[in-house]
Amino acid sequence: MSAIEIPKPDPRILARRAEILAGLAALVPPTSLITEEDERRAYETDALTAYRRVPLAVVLPETTEQVSRVLTFLNREGVKVVARGAGTSLAGGAIPSEDAVVLGVSKMSRILDVDTANRTIRVEAGVTNLGVSGAVSHLGFFYAPDPSSQLACTIAGNIAMNSGGAHCLKYGVTTNNVLGVKMVLIDGTIVELGGAHLDAAGYDLLGLIVGSEGQLGVVTEATLRILPLAEGARPMLMGFQSAEDAGACVAAIIASGIIPVAIEYMDRPAIKVCEAFAHAGYPLDVEALLIIEVEGSEAEIEDLIGRITTIAADYNPSGLRISQSEAESAAIWKGRKSAFGAMGRLADYICMDGTIPTGQLSAVLTGIARICEGYGLRVSNIFHAGDGNLHPLVLFNANDPAEQEKAERCGEDILKLCVELGGCLTGEHGVGIEKRDLMTYQFNTIDLDQQMRVKTALDPQWLLNPHKVFPLAGRPV
């Protein structure tokens, strides 16, 4: 029934559960330890809900020092640890095993320092993505990465998966906006990497940590870059009669040297369901829709919109509409930000996450349609077109195990196509368990061995998020 293997739990750890729980109880307050099965079940899965395992226990530390004590103990006892933010991972990055302890950072949610002079904010890892911007918006600043789940997802998870969002085209993804972290290694050692400045001394270990999916340590604090709010911003809607025209238009805009704040793509099924939800004025008579946002002074906005409109004219656009008010802009983005949830009205789906060169957009959209048609499955495409980060939604019936497996194979073929066209397996969702067995398609044995040596150096027993990222065969531990 399940195509993705989750290894069986270690019976020796299960047999010692009472002893392990007693050890944890001595390290954290009673309200920070969850042991009852009904309460542990809330942590059995993440947003990849097709797979689930009830963890051995759940610990919710309140301080970095508590995290250190917990990891020191679990490392000594040889117990696996799965770090968890808000559990919004779409790749199964926070799914535990029955012999693992979930270490959640939800109670570590304080804003520690705001420094507008140096444009930084220091937060605990359990602060939500939107909470960062909320803490500085009244000062005229914002935090750039904005994944669709920003209302719920935490900075911890953003760092683990190197999350992006609609506005990453201009401002970059998480790795471009994190200046420093405080992190606890598996042996309990507390380390600080980077700092409150752009170029920290020594090796760029921070670049290694961002995107490491909780495999190398548990991040408890982060120093983030905050940016001044733009003088103004305005999105525009541009419809096209084919996915190929829309993809070619995106490539032409980027090739011209214009970098909008965002270029988002939606196809006909997504347009219809999102318009029904958000009433944003999306055109319903087109096959593809681009949401293009530019920012700056009023004169800059008018100039950029004019230049983009001129470029788009070669690709037969229709339904061109430029937002005329903040309310219209909010509605346009409400539809896009709610797209994944709104698509649930149509069917169950698997949300894929591959990245390609923008010049290959037309080819990949044609290829995705061909692959899904071959499996007899519907697909809806919603993605960050400006930086080539694709999010095809493969629609299926979750109550049919055979159709679920077919949808997973279809998704694998889509990701293989991304690699074949010069892209990679993931843009912002991470590898998790979902793409773990596709890693050999992108990396050879030498590449994987190099990556696993780094993992082993920082986590010798492979206790941190152990069943993720690397194929189960060929591991050193």
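1. Start with Glu302 and Arg234: they form a salt bridge, with the closest N and O atoms 3.0 Å apart. The cut-off behind that term is a side-chain nitrogen of Lys or Arg within 4 Å of a carboxyl oxygen of Asp or Glu. The pair ties together distant parts of the chain, with Glu302 in helix H11 (residues 298-312) and Arg234 in strand S12 (residues 233-240), 68 residues apart. Helices (H or I, at least four residues) and strands (E, at least two) are DSSP runs, numbered from the N terminus. Glu302 counts as partly exposed because its relative accessibility is 42%, while Arg234, at 15%, counts as buried. For those labels, buried means under 20% relative accessible area, exposed over 50%, and partly exposed in between (1.4 Å probe, protein chains only).

2. A word on what you're looking at: this is a predicted model, where local features need pLDDT of at least 70 and side-chain atom pairs count only at pLDDT 80 or more, while totals for chains, interfaces and linings use all residues. Residues are numbered from 1 along each chain as its sequence is written, and side-chain values use heavy atoms, with hydrogens and water left out.

3. On to the other salt bridges, of which the structure holds 24 in total. One of them joins Arg41 to Glu37, with the closest N and O atoms at 2.5 Å. Both ends are partly exposed, Arg41 with a relative accessible area of 36% and Glu37 with 41%. Glu98 and Arg53 also meet through their side chains, at 3.7 Å from N to O. That pair links distant parts of the chain too: Glu98 is in the loop between S3 and S4, Arg53 in the loop between helix H3 (37-40) and strand S2 (57-59), and 45 residues separate them. Glu98 is partly exposed at 26% relative accessibility, and Arg53 is partly exposed at 26% as well. There's also a network of salt bridges linking Arg16, Glu19, Arg76 and Glu77.

4. Domains next. The protein splits into domain 1 (1-229 + 444-477), domain 2 (232-339) and domain 3 (347-420), with bounds that come from an automatic or database domain assignment. The C-alpha centres of domains 2 and 3 lie 22 Å apart. Between them, 16 residues of domain 2 are in contact with 14 residues of domain 3, contact meaning heavy atoms within 4.5 Å.

5. How much area is buried between domain 2 and domain 3? About 1,200 Å², with carbon and sulfur atoms giving 58% of it. Buried area here is the accessible area (1.4 Å probe) that two parts lose on being put together, summed over both. In domain 2, Glu244, Tyr265 and Asp267 lose the most area to domain 3, together 34% of what that side buries.

6. What holds for the polar side of this interface? The count between domain 2 and domain 3 is 0 salt bridges, but 9 residue pairs are in polar contact (both at pLDDT 80 or more). A polar contact is a pair of N or O atoms within 3.5 Å; within protein, one must be able to donate a hydrogen and the other to accept it, and residues adjacent in sequence count only if both atoms are side-chain atoms. On the domain 2 side, helix H9 (243-255), strand S13 (262-267) and helix H10 (268-278) each supply at least two of the residues that touch domain 3. H9 gives the most, with 7 residues.

7. Val469 and Glu213 are worth a look together. Val469 sits in the segment after helix H17 (445-458) and is buried at 9% relative accessibility. Leaving out residues up to four places away in sequence, Val469 touches Glu213, Gln215, Val431, Gly432, Arg436 and Met439. Glu213 lies in the loop between helix H8 (205-209) and strand S10 (218-225) and is buried, with a relative accessible area of 5%. Phi is positive at both residues, near 70° for Val469 and near 60° for Glu213. Most residues other than glycine have a negative phi.

8. Last, Ser89, in the loop between strand S3 (80-84) and strand S4 (100-104). Ser89 is buried, with a relative accessible area of 13%, and its side chain reaches the backbone nitrogen of Gly92 at 3.4 Å.
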